[in-house]
Amino acid sequence: MEHILFSVRCQFLTPTFLREQMKNCDVLRKVPACREYLAKIFKDLTLHKRPIVKERNPNTTRMIFVAGGFYRQSLDILEAYNVDDKTWTSLPNLRIPRSGLGAAFLKGVFYAVGGRNNSLGTTYDSDWVDRYNALTEQWRPCAPMSVPRHRVGVAVMDELMYAVGGSAGSEYHNTVEYFDPEIDRWFLVQPMQAKRLGVGVVVVNRLLYAIGGFDGIERLASVECYHPENNEWNFVPSMSCGRSGAGVAAINQYIYVVGGFDGSRQLSLVERYDTENQVWDQVAPIKIARSALSLTSLDGKLYAIGGFDGTNFLTIVEVYNPKTNLWEEGTPLSSGRSGHASAVIYQPSCVASFMDCFEKENSNRETNFDNFPAHDNSTNNSSNESSNRNGEANNNSQGQFQSSYNSAGCRNCKITNQSPENDVNNVEEDLKTHFKRRHKCCLLKFLKSYSQNEKFKKLSDHTLFTSFTLNDLMLYLDKQVCPFLKRSKAKCFLKMFNEDHAKKPIKNLKYYDT
């Protein structure tokens, strides 16, 4: 048993979860080696040691969500940047316009926290918290914070979302609270020693850092560190200069602080803090000095997005590679803005999303798979393939497909608009593209269309592609995860390719008999 447990990356579980398991799990009581192993991990986590194993990167599309911001007035924009395709996609708008908000990705959901609605005829600071489900493309309200927080810092630690500092009108906050998504409640923790508006926050090794900001009098160079076990804040070495509205993010044990405003001008200065050695140094500056930008780390690189240069609201995106110590220009935003917030999300499998949506739709009634049409020669138009702006997903013949991700998902995929009259060679190229990018939702639609339209049979080497794509799809429909394969219609769906629509049987289909 202990050999199995040693293969699990328990270093990325929370101390609370480990403590409960060591206390209540009967298996651990019977196997002391397992308990000792978890106890050592628990100790390392509470001592804030860097994990000795690397966290797995999901083998799926990575997206950077950018929410809200300011351009002449507060914005309700939500956009997603596909790191692989280098494209931006518009998503359903925020429930209210916001600038100076915070954002985080927690347990598969994107959160927009606080901010100010500075629109024509109205200006107020918000305690609102909204969550966006990428599967259903819907926004939902959560429990509000204890106070409104404009230019708030937001970060996730131990599967809890922390909101740090900010302001309500002319009142500047040193208060800090965290949100537990399991019970939809906020809890206050020990306040910081300084009030901080426009503070940058980041988590490294289960320590929460609050960096810089404005206390109502001056821009701060000081940095505070929160220990969750002790519920206390301690000062750590300060930056070389005070600043607010900087972008803050971490790569490994290093915290990067990019740009900001020092009280007289926007900065291009980039400082890096080594949390293990507790020293600051400087790295290459950004090309355009700016404040009120957002900074996100992904795949060992930093993405500095938008901001204000003192005159203009910027669309620029700069990407920093710490290995080369160079900034390069990335794909710009669709429009200039400052005071927005960003967070990285990992796209769920389209097939898993389809099953999640399907099971959600049918959770209160027994599913009748026999109602699925065996053949449907009609072709959906593009308006039926995508969800509407209110977040209500349209139905197709086999449940609901999420469509948030543009070319990484399905909203503007060419494959969804293919008709039997289209050129067969183009269809084949699209299939290669979608398979390479793992667009499983599109693949499923393509295979369904392929089984129903005579002209799709003309694809060259179609047996090879069908085998690969079906295996790729079935991997996500394993009966251990989803009951779909236990139903006869699933086997019938696969059987069509082997018996009716292949020039020869597909011999490499691994999941047909699961």
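The model is predicted, so local features need a pLDDT of at least 70 and side-chain atom pairs count only at 80 or more, while totals for chains, interfaces and linings use all residues. Residues are numbered from 1 along each chain as its sequence is written, and side-chain values use heavy atoms, leaving out hydrogens and water.

I turn to confidence. The predictor's confidence in each residue, pLDDT, runs from 0 to 100; its mean over the chain is 75, and 65% of the residues reach 70 or more. Over residues 348-425 pLDDT stays under 50, and the model has 167 contacts there beyond four places in sequence, a contact being heavy atoms within 4.5 Å. Residues 455-514 also have pLDDT below 50, with 114 contacts beyond near neighbours in sequence. Where pLDDT is low, the predicted coordinates should not be read in detail.

Next, a sheet and its rings. Four strands in the order 6-7-10-11 form an open sheet with antiparallel pairing, where two strands pair if DSSP finds at least two bridges between them. At the edges are strand 6 (102-106) and strand 11 (138-141), each pairing on one side only. On average, neighbouring strands here are turned by 25° against each other, direction ignored; the axes are lines fitted to C-alpha atoms, for helices over the stretch in contact, and angles run from 0 to 180 degrees between N-to-C directions. Strand 10 (residues 129-133) is joined to strand 11 by four bridges, and tyrosine 132 has tryptophan 139 as its bridge partner in strand 11.

The whole structure holds 20 aromatic pairs. Rings of Phe, Tyr and Trp (its six-membered ring) pair if their centres lie within 6.5 Å; planes under 30 degrees apart are stacked, over 60 edge-to-face, and the rest tilted. Tyrosine 132 and tryptophan 139 form a tilted pair, at 5.1 Å centre to centre and 45° between the planes. Tyrosine 132 counts as buried because its relative accessibility is 1%, and tryptophan 139 is buried at 9%. Tyrosine 209 and tyrosine 273 form an edge-to-face pair, at 6.3 Å and 65°. Since tyrosine 209 lies in strand 19 (residues 207-211) and tyrosine 273 in strand 24, this pair ties together parts that are 64 residues apart in sequence. Both tyrosine 209 and tyrosine 273 are buried.

Five bridges join strand 23 (residues 254-258) to strand 24 (residues 270-274), and tyrosine 254 stands opposite aspartate 274. Arginine 272 lies over the face of tyrosine 254, at 4.4 Å from the ring centre; the criterion is NZ of Lys or CZ of Arg within 6 Å of the ring centre and within 35 degrees of the ring normal.

Notes. Helix = DSSP H or I, 4+ residues; strand = E, 2+ residues; numbered from the N terminus. Buried < 20%, exposed > 50% of the residue type's maximum accessible area, 1.4 Å probe, protein only.
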